[in-house]
Amino acid sequence: MIRPFLLLAAAGLLAACAQQPLRGTGDLGVVVERATGSLQIIESSNQSQLARIEGLGDLSHASVVFSRDQRYAYVFGRDGGLTKVDLLRQRIDRRVIQGGNSIGGAISQDGTLIAVGNYEPGGVKVFDAKTLELVADIPATPLADGSRNSRVVGVIDVPGRRFIYSLFDTDETWLLDFSQGNEPQITRFEGIGRQPYDALLTPEGRYYIAGLFGEDGMAKIDLWHPERGVERILDGYGRGQQKLPVYKMPHLEGWTVAGNQTFVPAVGQHRVLVMDSEKWQQTDAIDVAGQPIFVMARPDARQIWVNFAHPDNGKVQVIDSETHEVIADLEPGPAVLHMEFTARGDQLWLSVRDGEEIQVWDPYTLKLLKRLPAQSPSGIFFSSRAHETGL
Amino acid sequence: MIQSRQVVSRLGLALASFLLIPVALAAVPTAERQAKLDHLLLQDCGSCHGLRMTGGLGPALTREALAGKPRDSLIATVTHGRPGTAMPGWNALLDEQDIAYLVDRLLEGYPKP
């Protein structure tokens, strides 16, 4: 009696396997192909490409977050498209056009809400992560002339079903608290500094730090004590130095916090600034090969990888986090746009836009391991981000 | 005398037009340079203005968005940037012909539908 049943079950299992071999998603990731509006699904165990998904619209400056089960990628497109991609079935699960012009978003701590920051119409919209139905619409502050609302930058998830972001045009930071339900409580921080362009959250989720484009400095908020307001740090870091034209805005949403030090790009200068992560005071300024864009710490915090704005975007430099010396000058190819470490740091993937490829590097030997073809690749995102706060 | 004067003036004209040729050529970037500039327009201008020029941190630069804006003021904006905004001056990387070419591409409508 038992044997035929087992055979049947085994046959059923085999049939299922033939359809779709069982696999996990912890080693999966996506690469944004920004000019063609497509996405590649990649995996880091064999460093290979699994599929290309098309029809995601305008992916200029697209970014991605992941569901807590690491099965779905949520892609924020420039044209206001929010697309939920099924990494296992390798297809679009759902897609909505939620705004006219967007910049990025975040997923809540409990995985139920997706917040999207929009330039047009300026504000944040929050969606149900399962269905992509609108949950809340929070317009940003209107400009003085009433022509439009402020543009939103640096949308980040904060522990406790909260989101935080800054308003580029009106120099504010807003904290949305959804812990009591889907009608958020809003805390506004005004006068944080001129033109916040992006922000980072420290890995445990305590400090939110917005970079300022309009002045030399950053704005820090202690989320354990929001009542204390904004504290300015790195004030006047470029004093007396001539500002260079900034051809590309730096990014702050990387793992720039390396143990007791935080490394951030100096806007308009060829320098990476180093801060003490407890006192939040500048401890050093490291001269680098161009205007830094991404300043990323290897997950073990021992190295910092930096890429640069045009016209130095063919270079990547590696900094020793202890000595602050540049220990490697790499030239991966034309227009290195983004870098992403695997969760435990055994690999670094980088996109070479004009070389039309993705490269996999061993960040310990500093050797190139693999090149994979891609169409104008920009952002690379591994599903391990699902379990990182603030990414 | 008269004839020789004519010859001289003709020679002068010929010389002048000969001299003009390189100036006229320099006014338009070479095909190779144009390809580079098109790439820059799409990828680097597109970083802020969107790959489809529909705007982002920078305003939209579609043909409709630029309608009625004087060419000279657009050239001045690209050359010197707009103080107080994120728009840098590009004169450190591009020369006058490059900038005029880029502005004309935008006024024609870029990217082409």
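Two strands count as paired if DSSP finds at least two bridges between them. Strands themselves are DSSP runs of E with at least two residues, helices are runs of H or I with at least four, and both are numbered from the N terminus. By this rule, strand β29 (residues 348-352) of chain A and strand β30 (residues 357-362) of chain A are antiparallel partners joined by five bridges. Within the pair, A:W349 lies opposite A:V360 of β30(A).

This is a predicted model, in which local features need pLDDT of at least 70 and side-chain atom pairs count only at pLDDT 80 or more, while totals for chains, interfaces and linings use all residues. Residues are numbered from 1 along each chain as its sequence is written, and chains are lettered from A and ligands numbered from 1 in the order in which they are written.

The β29-β30 pair belongs to an open sheet of four strands in chain A, ordered β28-β29-β30-β31 with antiparallel pairing. Its edges are β28 (336-341) and β31 (367-373); each has a single partner strand, so one side of each has no neighbour in the sheet. Neighbouring strands are turned against each other by 20° on average, direction ignored; the axes are lines fitted to C-alpha atoms, and angles run from 0 to 180 degrees between N-to-C directions.

Chain A has another open sheet of four antiparallel strands, in the order β8-β9-β10-β11. Here β8 (101-107) and β11 (134-139) are the edge strands, and because each has a single partner, one side of each is left without a neighbour in the sheet. The twist from one strand to the next averages 20°. Six bridges hold β8(A) antiparallel to strand β9 (residues 113-120) of chain A, with A:N101 opposite A:E120.

Four residues separate the strands of the hairpin, where A:G37 has a positive phi near 65°.

A:M275 lies in strand β22 (residues 271-276) of chain A. Why is A:M275 classed as buried? A:M275 has 24 other C-beta atoms within 10 Å, and a residue is buried at 20 or more, exposed at 12 or fewer and partly exposed in between, with C-beta atoms placed from the backbone. Leaving out residues up to four places away in sequence, its contacts include A:I233, A:L234 and A:W280; a contact means C-beta atoms, placed from the backbone, within 7 Å. A:I233 is 42 residues away along the chain, with a C-alpha separation of 9.3 Å from A:M275.

Chain B contributes 17 residues to the contact between the chains, and chain A contributes 19. The complex has a predicted ipTM of 0.78 and a pTM of 0.88.

Chain B has an average pLDDT of 81, and 76% of its residues score at least 70; pLDDT is the predictor's confidence in each residue, from 0 to 100. Residues 1-25 of chain B stay under 50 and have zero contacts beyond four places in sequence. Where pLDDT is low, the predicted coordinates should not be read in detail.

Notes: Two residues are in contact if their C-beta atoms, placed from the backbone, lie within 7 Å.
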